[in-house]
Amino acid sequence: MSRTQFLLRRIGQSLLVIALTYVFVFYVLFLLPGDPIESRIVNPQNPIPAEQAAAILAYYNLDRNGLEQFWISVTRLFQGDLGFSLGTGRPVAELIRDGFAETLTLAGLALVFALAFAVAIAATAVLAPWRWARGLADKLPVVALATPGFLVGLVLLQVFAYQLSWFSSIRDEGFKSLILPALTLAVGVSAPIAQVLIQGLRQAYGEPFVTVLRAKGVPESRIFGGHALKNASIPALTLFGLTVGELLAGSVIAEAVFNRSGLGFVTEQAVRAQDGPVVQAVVMLVAIIFTLVNLLTDLLYPVIDKRIAAKTLGSGTGSRTPAADLDTRQEVLTP
Amino acid sequence: MSNIFSSIKRTAALTSAAVAIALLATGCSGSAGATTNTDAGSASAEDKRGGEVVYLDAELSRSTQLQASGTWQDSAYIENIADRLVYRDPETQEIKPWIAESWTVSEDGLTYEFKIRDGVTFSNGQVLDAGAVKRNLDWQIKGDTDKGIPANNWFPKVKSVTADDAAGTVTVKLGHPSTAFLAILSFWRSALVADATIEAPIETQQQLSGVIGSGPFVVESEKYGEEIVLTRREGYAWAPEGLANQGEAYLDKVTVVPVTEDSVRLGSLRSGEADFIRYIQPSEEKTLAEAGFQIVARQGVGNANVWDLKQAAPFLDDVKVRQALQHGIDRQQIIDDLYTGNWSAATSIITPGSVGYKDVSELFAYDPEESNRLLDEAGWTGRDADGYRTKDGEQLHVLTYVDVYDSTAKPLFQLVQWQLKQIGVNLDIKETDYANYASVYTDDSVGALRNGWPEADTTRLSIGYHSAGSNSFKFQAADKELDGLLEDQLTASTVEEREKTIGEIQERIVEQAYALPIINDTQVFGLAPTVHDLTFSSEARPHFYETWTEKK
């Protein structure tokens, strides 16, 4: 199989996953009872009589059968029209675009914080000269995992917004407004990365090359940054997909506590109200992100590890790549 | 190794220092904010003018489409950006001139002629004249079905609406007399909006920025879920008659931020980031007041917070069972245990101040002995292992769902559950979310559901309780007497006649225990000491028009 064929096959698979997700989500939403229009019609504060309710259902095509509704939805999708939120009347495309932009910045900063926390914790857990510090750092990820995100958020608000007034709890202060929610989000996300890093570092420091490097007089900081951490990072990198999921899921909490209208907030509102078009769009976006992440990971593996390249591309295609040659040599060398 | 660890040590030291400072600050600032309120009475109009406030609402704007929405917070925003034909004085409940500077009602009660005030404009510049009023009324009466907009089903039957722009009058001919018509016109749902709003798609009307009114505030910007910015309408000079302020609003800007998390709202008020907030847990009222904040509580006129009993549900078609529930609830205990002096026990299915209100609390006095007698009579004489009454091996249980529209609801439901247990009734409480609450309405196994909100008129009793309307009691066989009364209250030709009918409706519903009155709801606001004169509509929606701040 050529590289192009491989690429085309993976892209094809990804598109199929996205299409199947679309159908599945549509079907589930169709089956679930309750939606914002029904809530509007039977709202006890303003009940709407039957004949007018029929007109409302007709406007939203909710009087049609599932297949017809699906067809309308797909046709609109291909015309680039994601429709409107049934509950708030806002254009879905606008909700997703604004929400995604907001969450992306938040998640980006949270990822930076999370990586910093994880490296600091792992370094302490493995290298601290005091036993208590090593023990504490070792337990920290477990505590972080067990602490609910909203609690972290509320404590940060209490201390840094209400008491110290360093941050506003409600006003948009640009980049500054990102810090507390990003910290909230980072705590939970850093924990699994720290755990994997701790293990990786322990393993790396047990390897003979560290002794060799020390014997050669390489400074500890370079052994850590340039060699041990690098080796320990490879397993942590495979967590990337999981981390993206954590960031998206955690943003729901962080955005609720810090009053930010990102994708997490949009999702929470839409799911609460069972707002079909918005839920559908959010799930599709998440499906696309995950498919892309997986696709990228699959495409990157061969770049990082030449052995994988040879395996995925197979042998006997007549156009052996240097990577494949390398792979064969390695297999011979390592029985 | 020392290189790395000296830097880690430094960081650790800095971190612990920061935490120590933070904790110190937390401990030290407990008594902050205990300032006294200034003498608001001596401030002149000039003193009041200017300034900006931040208002934290407890909920998000959902939809502001006038005929189709029903959420409290949206109605509160509409009240501040749009005017009505007439104004209902929140103190006297009297209907006063507003956009209609005067009106006449024909002797047969069928023709209303409104004289429209000169010089009023919508915030987009369109003149609010007789023609605009006619277009609003036609739109309210018919709805706009092509756009999925229903009619305003509060309106009486209207035969015609005509406008005479030269004379500045609008004439409405009704199909039957309606003494409720003016009150309905005073309600937020009857707000007058510009042609651009009427012509816009429903999706635009669902955003507050899509509602163009002639009110004292204008929507400057709206960011979904984050904030709504209202600014003072320049040149506003058509306030309702009788208000001290007849010019522009005092505040330059009101930023409404939806904060659903109770502790964040409270923390932001205490730290001075917010000037006033809506909804404070009853348990927090005292500590907030002691810290120098003002607690402003307002009970709206309209329907009391009641539980409708659904007769399609098991056992509730038996009047004795329903009456046993009626006498088994101790409303005073609910207020004493869960609420504060700002709340009160219901004395009818409508609240004091409503047209035709009658104190019928004697008909549903707490009397567990009477409840036990009624249940014995109804044959519920057995007891199961948990102490609940049984008949023919079946337990006496009533299914209910916690009200999703009221954030104080759950403890109330649990207390009623405990009270009913004392008479051997199992109140089975379930919870659901906003999206699924609609399906609870159509579920015949559900026996009791909360109803009743402050509203401009008792018209909704007829919309909700008539067996051919929403049939909220799920009558298996219509109560002709009640249906008759509910029809009569809509068409009574004199106020006296209507008041008498509404009195009979209250007696009938309470005596037959179709609904269980519980409490009179209260809207509670917490205000910084610098904020003054937050006023309210009859239905307890906040008005920012006369509000002013000392912070400029």
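Analyst: In helix 10 of chain B, the buried residues are Val321(B), Arg322(B), Ala324(B), Leu325(B), Gln326(B), His327(B) and Gly328(B). Buried means under 20% relative accessible area, exposed over 50%, and partly exposed in between (1.4 Å probe, protein chains only). Helices (H or I, at least four residues) and strands (E, at least two) are DSSP runs, numbered from the N terminus. Helix 10 spans residues 319-328 of chain B and is mostly covered, with seven of its 10 residues buried.

The model is predicted: local features need pLDDT of at least 70 and side-chain atom pairs count only at pLDDT 80 or more, while totals for chains, interfaces and linings use all residues. Residues are numbered from 1 along each chain as its sequence is written, chains are lettered from A and ligands numbered from 1 in the order in which they are written, and side-chain values use heavy atoms, with hydrogens and water left out.

User: Which backbone nitrogen does Asp318(B) reach at the start of helix 10 of chain B?

Analyst: A side-chain oxygen of Asp318(B) comes to within 2.9 Å of the backbone nitrogen of Lys320(B).

User: How should I read an aromatic pair, and how many are there over all chains?

Analyst: Rings of Phe, Tyr and Trp (its six-membered ring) pair if their centres lie within 6.5 Å; planes under 30 degrees apart count as stacked, over 60 as edge-to-face and the rest as tilted. The count over all chains is 31 aromatic pairs. Trp154(B) and Phe187(B) have ring centres 5.3 Å apart and planes at 50°, so this pair is tilted. The pair links distant parts of the chain, 33 residues apart: Trp154(B) is in the loop between helix 4 (130-142) and strand 6 (158-164) of chain B, and Phe187(B) in the loop between helix 5 (181-186) and helix 6 (195-199) of chain B. Both Trp154(B) and Phe187(B) are buried.

An edge-to-face pair is formed by Tyr405(B) and Tyr437(B), at 5.6 Å centre to centre and 75° between the planes. Tyr405(B) lies in the loop between strand 18 (397-401) and helix 13 (409-421) of chain B, and Tyr437(B) in helix 14 (residues 437-441) of chain B, so the pair ties together parts 32 residues apart in sequence.

User: Why does Tyr437(B) count as buried?

Analyst: Tyr437(B) counts as buried because its relative accessibility is 1%. Tyr405(B), at 17% relative accessibility, also counts as buried.

User: How is the meeting of the two chains described?

Analyst: The size of an interface is often given as the accessible area lost when the parts come together. Buried area is the accessible area (1.4 Å probe) that two parts lose on being put together, summed over both. Chain A and chain B bury about 5,300 Å² between them, 57% of it on carbon and sulfur atoms. In chain A, Pro44(A), Gln45(A) and Ile170(A) lose the most area to chain B, together 14% of what that side buries. Contact means heavy atoms within 4.5 Å; here it takes 57 residues from chain A and 62 residues from chain B.

User: How many salt bridges cross the interface of chain A and chain B?

Analyst: A salt bridge is a side-chain nitrogen of Lys or Arg within 4 Å of a carboxyl oxygen of Asp or Glu. Three salt bridges are found across this interface. Glu222(B) forms a salt bridge with Arg90(A), with the closest N and O atoms 3.3 Å apart.

How values were computed
Polar contact = N/O pair within 3.5 Å; in protein donor to acceptor, adjacent residues only side chain to side chain.
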